[in-house]
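Please open the model in your viewer and keep the selection tool at hand.

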Amino acid sequence: MTGSLTLDYTPAVADPAPSVRSAAMRVRPLSANDLDAAADLFLQRFRKSRRNARARAEVASRLQALYLDYPTRQGDPDALVAIDSAGDLAAFCGAMRVPFRFDGEAATACVTGTLMASSAPGHALAAVQILRESRRLPYDLIVTDTANRASLAVCQAVNYSVVSPDSLEWAAVF
């Protein structure tokens, strides 16, 4: 079941849960060298019937356009990966930093995409580590519209506030 999910992050509040970070796993920004592995993970988790070289290249190209080459990107990518001790990609969460104004004040949102973790042994908590790391970054708000029940459960486990999509009010200015 796919639905909308808004994750609220308040920078002034510390992560209440201790880090699950293993010495063998590290979270860092996505790099161009991660694209093939992230594409393969996406295909493995969401498109099992389409795991071929052409599909991998198409997904890697889209990931690059979305998370590395988007026009407003400044500095390190906001998309995060978890890398295990062997150098393999254990988890991925696509993200883009978006500036906006709230009540006349400048603010920053992180718009996230698919959160996914490898099914390989030892990778079960990699998605949790990515979510915890994202809470340490300087965002005023973290928003996604691609969450499923499993992602929702992980977010709630690391104390994200989940807001009903009905509580959002959108206005278009032309």
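How many bridges join S4 to strand S5 (residues 105-117)? Select both strands: they run antiparallel and are joined by 11 bridges. The model is a predicted one, in which local features need pLDDT of at least 70 and side-chain atom pairs count only at pLDDT 80 or more, while totals for chains, interfaces and linings use all residues. Residues are numbered from 1 along each chain as its sequence is written, and side-chain values use heavy atoms, with hydrogens and water left out.

**The strands**

Helices (H or I, at least four residues) and strands (E, at least two) are DSSP runs, numbered from the N terminus. Two strands pair if DSSP finds at least two bridges between them.

Staying with S4 and S5, select the turn of their hairpin, which has 2 residues between the strands. Asp103 in this turn has a positive phi of about 50 degrees. Next, select Ala91, which stands opposite Ala117 in S5.

Ala82 has Ala91 as its bridge partner in S4. S3 and S4 also form a hairpin, here with 5 residues between them; Gly87, in the turn, has a positive phi of about 90 degrees.

Within S5, select Thr108. Thr108 counts as buried at 18% relative accessibility; buried means under 20% relative accessible area, exposed over 50%, and partly exposed in between (1.4 Å probe, protein chains only). Not counting residues up to four places away in sequence, Thr108 touches Arg97, Val98, Phe100, Pro138, Tyr139, Asp140 and Leu141, where contact means heavy atoms within 4.5 Å.

Select helix H3 (residues 126-135), of which 10 of 10 residues are buried.

A nonpolar core is a set of buried Ala, Val, Leu, Ile, Met, Phe, Trp, Tyr and Cys residues joined through side-chain atoms within 4.5 Å. The largest such core has 21 residues, and those with the most contacts inside it are Ala82, Ala91, Leu115, Ala126, Ile130, Leu131 and Tyr160. S3, S4, S5 and H3 are the elements that give two or more residues to this core, and H3 provides the largest share, 5 residues. Now select Ala126: leaving aside neighbours within four places in sequence, Ala126 is in contact with Met25, Ala82, Ala90 and Ala91. Another core, of 19 residues, lies apart from this one, and Leu30, Ala39, Phe42 and Leu63 are among its residues.

**Aromatic pairs**

The structure holds 2 aromatic pairs. Rings of Phe, Tyr and Trp (its six-membered ring) pair if their centres lie within 6.5 Å; planes under 30 degrees apart count as stacked, over 60 as edge-to-face and the rest as tilted. Select Phe42 and Phe46, whose ring centres are 5.3 Å apart with planes at 45 degrees, so the pair is tilted. These two residues lie 4 residues apart in helix H1 (residues 35-46), about one helical turn. Phe42 is buried at 18% relative accessible area, whereas Phe46 is partly exposed at 34%.

Then select Tyr67 and Phe92: the centres are 5.8 Å apart and the planes at 65 degrees, so this pair is edge-to-face. The pair links distant parts of the chain, with Tyr67 in helix H2 (residues 53-68) and Phe92 in strand S4, 25 residues apart. Both Tyr67 and Phe92 are buried.

**Cysteines**

Which cysteine sulfur is closest to that of Cys93? Select Cys110: the two sulfurs are 7.1 Å apart, too far for a bond. A disulfide is a pair of cysteine sulfur atoms within 2.5 Å, and the structure holds 0 of them. Cys93 is buried at 8% relative accessible area, and Cys110 is buried at 2%.

**Salt bridges**

The whole structure contains 5 salt bridges, each a side-chain nitrogen of Lys or Arg within 4 Å of a carboxyl oxygen of Asp or Glu.

- Asp34 and Arg28 meet at 2.7 Å, N to O; Asp34 is buried at 6% relative accessibility.
- Arg56 and Asp40 have their closest N and O atoms 3.2 Å apart. This pair links Arg56 in helix H2 to Asp40 in helix H1, 16 residues apart.
- Arg54 and Glu58 meet at 3.3 Å, N to O, and are separated by about one helical turn in H2. Arg54 is exposed at 64% relative accessibility, whereas Glu58 is partly exposed at 32%.
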